[in-house]
Amino acid sequence: MKLTDLQKELADHRPATPPGLLSTEEKDRLIERSFLGLYRWYISRSQKTRNWNPHTDFNWPAFRTDHSEKLNTILEGFFAVEQYVPDYVFTLLRVIRRSHGRSQFHIRWGSEEEKHSDLWENALLFSRFRTPQWIEDYKHALREKEWELPWDNPLNMIFYTVIQERATQVNYLNTGLIARGKGSEADFANDADPVLANASQIIAVDEAAHYNFFLEGARLYLYYYPAQALEALHDVIKFFAMPAGDLIPGYDKFAAVVAAAKVYGPREHVTDVLDVALKNLGVEGRRALLRGIKRIRQVPTEAGEMRDTAILDTLDYQGIEKKVRQLFGRINKFEEKTGHAQISPLKFLPNSLG
Ligand SMILES: [Fe+2]
Ligand SMILES: [Fe+2]
């Protein structure tokens, strides 16, 4: 049968996306708008609840000057990692600059990481473990090198930051246990210090807030782009390393001390970081993730049946949808107060695995 001109014209104008499915543009718009709302919510909370100062809010002169060498090595390592804040900020900023919400958040995140860097410098200075001159020289030596992005795309980096923030939080929470005299290792039995306990607690709360922002963002990608997001997550888990480990002189010694201290080692990375993050991301476990990825890769076509089955095996997709809906609800509630909802409301649109 020959097509009439009208039929032909209609066929030409038919959208590439089947009805009921979101187009890439719509998905991107929803993700972008959610990041903007999440960022607005985040700064209001950050300013109200976590507006601390690393110089004036701690009783630094009361910091103990007789800590164990091992604890001082740990503090020195934290200080070193946070010295690369300028690189953490501008390298990723270049990759996400097109996203208003993500890039604005990242600048704010950088200002909070900058406080962490100053906090650890103060801890190191007041511990008297090193002279001010030694610290100054060390700082310059560290900054001779530049940290580079482990992945130069926004998708992989959201998963990297989820894992990295959770790992950092675990580091500081466990250091806080030592500072409260509740560490499990005998080497740190005489390291109780209320100033360090306070510092570790405050900084760990910041890391939890960072983790939550990136987690919400990662769920948006898992919901709207599950196959690509799962592949990115798998890649990040497989090649994950803490930032700047390859740049810091003597990092191996620091890594050995934090692991032996049960602050952060391979065991904590699996049980307290990966297992927790994967659960929060709705992924059924590391093995399922690996299986799912293999099956996703076997499927030749984009919208193939098997791909969807593999995603549903790996991902608690309904759970993710619930969390994404909750996020939209939280943003809406906040933007009703600010008035943004009356002008440009965020509306949830369900994704279909089709
Ligand atoms: Fe930090
Ligand atoms: Fe952080």
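Begin by selecting Pro226, Ala227, Ala229, Leu230, Ala232, Leu233, His234 and Val236: these are the buried residues of α9 (buried means 20 or more other C-beta atoms within 10 Å of the residue's own, with C-beta atoms placed from the backbone). Helices here are DSSP runs of H or I with at least four residues, strands are E runs of at least two, and both are numbered from the N terminus. Now take the whole of α9, residues 226-239: its 14 residues reach 20 Å from first C-alpha to last, close to the 20 Å expected at 1.5 Å a residue (the expected span is 1.5 Å times one less than the number of residues).

A quick word on what you're looking at. This is a predicted model, in which local features need pLDDT of at least 70 and side-chain atom pairs count only at pLDDT 80 or more, while totals for chains, interfaces and linings use all residues. Residues are numbered from 1 along each chain as its sequence is written, with chains lettered from A and ligands numbered from 1 in the order in which they are written.

Zoom out to the protein chain. You'll find 15 helices and zero strands, and the C-alpha atoms fill a box of roughly 90 × 45 × 35 Å along the principal axes. Of the 354 residues, 36% count as buried.

Next, select α2, residues 24-49. Its 26 residues should span 38 Å at 1.5 Å a residue, and the end C-alpha atoms agree, at 37 Å apart. Buried here are Leu30, Ile31, Ser34, Phe35, Leu36, Gly37, Leu38, Tyr39 and Tyr42. Show α5, α8 and α14 (317-338) too, as they are among what covers those buried α2 residues.

Stay on α5 and pick Arg102, which lies in that helix. Is Arg102 buried or exposed? It is buried, with 26 other C-beta atoms within 10 Å. Arg102 touches Phe35 and Ile96, leaving aside residues up to four places away in sequence (contact means C-beta atoms, placed from the backbone, within 7 Å). Tyr39 is 63 residues away along the chain, yet its C-alpha is 7.3 Å from that of Arg102.

Last stop: α5 (residues 100-127) against α8 (residues 194-224). They pack at about 160°, axes 11 Å apart (axes are lines fitted to C-alpha atoms over the stretch in contact, and angles run from 0 to 180 degrees between N-to-C directions). That makes α5 roughly antiparallel to α8, a label for angles over 145 degrees. To see the contact, select Phe105, Trp109, Glu112, His116, Leu119 and Ala123 of α5 with Leu196, Ala199, Ile203, Asp206, His210 and Phe213 of α8.

Technical notes. Angles under 35 degrees count as roughly parallel, over 145 as roughly antiparallel, 65 to 115 as roughly perpendicular and the rest as oblique. Two residues are in contact if their C-beta atoms, placed from the backbone, lie within 7 Å. A residue is buried if 20 or more other C-beta atoms lie within 10 Å of its own, exposed if 12 or fewer, and partly exposed in between; C-beta atoms are placed from the backbone.
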